[in-house]
Amino acid sequence: MDFNISNIWLVELFGVEFWITQTIVNTWIIMVFLIGFAVFVRFKLRKMDDVPTGFQNVIEAMIEAFEGFVKSMSGEHGKYFAGWFFTVFLFILVSNLSALVGFRPPTADWVTTAALGFATFFLTLYAGMRFRGIGRYLKSFFEPVWVFFPLNVMGELSRPISLSFRLFGNILSGLVLIAMVYTLLPFALRFLLPIPLHIFFDLFVGALQTIIFCALSLSYIGAACAEE
Amino acid sequence: MDPLSFVFGAAQLSAAIALLNGIATTVGQGKIGAAAIEAIARQPESAGSVRSTMLITLGVAETSGIYGLVIALLLLFQNPLIALYLQLAG
Amino acid sequence: MHSFLPLQILTSAPDERVFGLDMQTLIHIIAQSVNILLLTALLAYLLYKPVQNFLKKRSEKIKTQIDQAALDMATADTLRTQYKENLDQIEQERVEILDAAHKSAADKSRKLVQAGQTQAEGLYTQALVDIEKEKEKAQDAVKTQIIMLSSLMAGKIVAHTVDQETQDRLFSEALTELEATSWPT
């Protein structure tokens, strides 16, 4: 029943203990994998044809579908953030699916999802200020009546918290349930019987939660920079 | 009664109460599914769009149930207060 | 220090846990943010931007090609209507020319036929008139022969029987009788 985050290495920085945990190491591994994939794609598509075939077609279809998704969720101004959300989408997807190959997914730690959620929060502020003007965006917190300011601020702050806890809770609960089932089953049955569980908790919930995270973040950004 | 077993028992009971979140979650998700089925029945050519919207909305509505599940898991398996109590009480 | 519980909770070293809220968590959040920023910068630069640029360039190229094709199609349409008009005109002229040619040929042939007919009729009447003239000439010749013969005969007879006066008187009476009777025509 081992689903704790194991601490791997202790680093002492300015008198503060800094544990390099399994999460951070797994994040580095996923980063290396994704950057290797990007370099591979770039290498293979050094010369891009006008009429795409095979591999180039797949990559182009992915990116075009993602741009359509971004545009439908966040409106016209959202295309500026499509690069960021493409990376976040790939990162969360690969990290959720890495549970299939034996890693403890970095998104099963609240640290990662909180980082992503607060990144979305700051991006919302930036998008509102850039595409709507600083004064108008800050004034919108006082709408409709000026007493609503605390409520608006709390509503705005609750968004990254709920985003992060949604992703964290889904992945962690999948991990815990699969670990419990593995503990209860005898050794011989551990190879084939939990496959449906893996399909549901790893593949389906993993993919669904990445789509939900990106769609909700984009709709918050679209709401922040929408002209009334 | 032994204080430690009392604490353990209380932890497990509160975990069970935390999971009562699931009632509201299930009811809400059922209503979302019913609305989606009705929308598809009314206009069959919007089935793809309705289906993807429904999946996203189901994910959002499940949030509250997931909060309860996470709290229950933390209470049962990884209770930091019990670990601290054990450390302090020797 | 051991008696102040919250401080102990806040500064205890994390010991294989799932969730906690202390200094370590904050440090880890910052560490993960740095990781994700690095990943985003690299991935956007390597993968997203070039493909996006290429797609935009290609869609622009296709758009110019489509515009060009629309322009060409428009000019082709105007040219086509123009040529069609020209062809119709030429067709019309051809029909007219053929009609005129036919008509003039028909006229000419009719005139020739008519001329031939009138000429033939003229020849025919001329021939009839000639025949009449010949008949009359023949009749005159016969008449003079008969007159000569009869006068010879009469003269001979009269010369036998009668003398000159009564010969002249008989001769003029015979002439008036002959003039009174109708000649066989």
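Cys214(A) is buried, with a relative accessible area of 0%. In this predicted model, the count of disulfides over all chains is zero. Cys214(A) takes part in none, and the nearest cysteine sulfur, in Cys225(A), is 16 Å away.

**Cysteines**

- Cys225(A) is buried as well, at a relative accessible area of 2%.

**Chain C**

- Chain C has three helices and zero strands.
- Read from the N terminus, the order of elements in chain C is α-α-α.
- Of the 185 residues in chain C, 15% count as buried.
- The accessible surface of chain C is about 14900 Å². Carbon and sulfur atoms account for 64% of that surface.

**Aromatic pairs**

- Over all chains, the whole structure holds 20 aromatic pairs.
- One of them joins Trp110(A) to Phe19(C) in an edge-to-face arrangement, with 5.7 Å from centre to centre and 75 degrees between the planes.
- Where do the two partners of this pair lie? Trp110(A) is in helix H4 of chain A (residues 110–132), while Phe19(C) is in the loop of chain C between helix H1 (5–11) and helix H2 (23–161), so the pair crosses between chains.
- Both Trp110(A) and Phe19(C) are buried.
- Tyr137(A) and Phe141(A) make an edge-to-face pair, because their ring centres are 5.5 Å apart and their planes stand at 75 degrees; the angle cut-off for this class is over 60 degrees.
- Tyr137(A) and Phe141(A) are both buried.

**Ring cluster and charge over a ring**

- Which residues are linked into a cluster by ring pairs? They are Phe66(A), Phe69(A), Phe86(A) and Phe89(A) from chain A, together with Tyr48(C) from chain C.
- The charged end of Arg130(A) sits over the ring of Tyr80(A), at 4.2 Å from the ring centre.

How values were computed: Residues are numbered from 1 along each chain as its sequence is written. Chains are lettered from A and ligands numbered from 1 in the order in which they are written. This is a predicted model: local features need pLDDT of at least 70, side-chain atom pairs count only at pLDDT 80 or more; totals for chains, interfaces and linings use all residues. Side-chain values use heavy atoms; hydrogens and water are left out. A disulfide is a pair of cysteine sulfur atoms within 2.5 Å. Buried means under 20% relative accessible area, exposed over 50%, partly exposed in between (1.4 Å probe, protein chains only). Helices (H or I, at least four residues) and strands (E, at least two) are DSSP runs, numbered from the N terminus. Accessible areas come from the Shrake-Rupley method with a 1.4 Å probe; for residues, only the protein chains shown count as cover. Rings of Phe, Tyr and Trp (its six-membered ring) pair if their centres lie within 6.5 Å; planes under 30 degrees apart count as stacked, over 60 as edge-to-face and the rest as tilted. A charge sits over a ring if NZ of Lys or CZ of Arg is within 6 Å of the ring centre and within 35 degrees of the ring normal.
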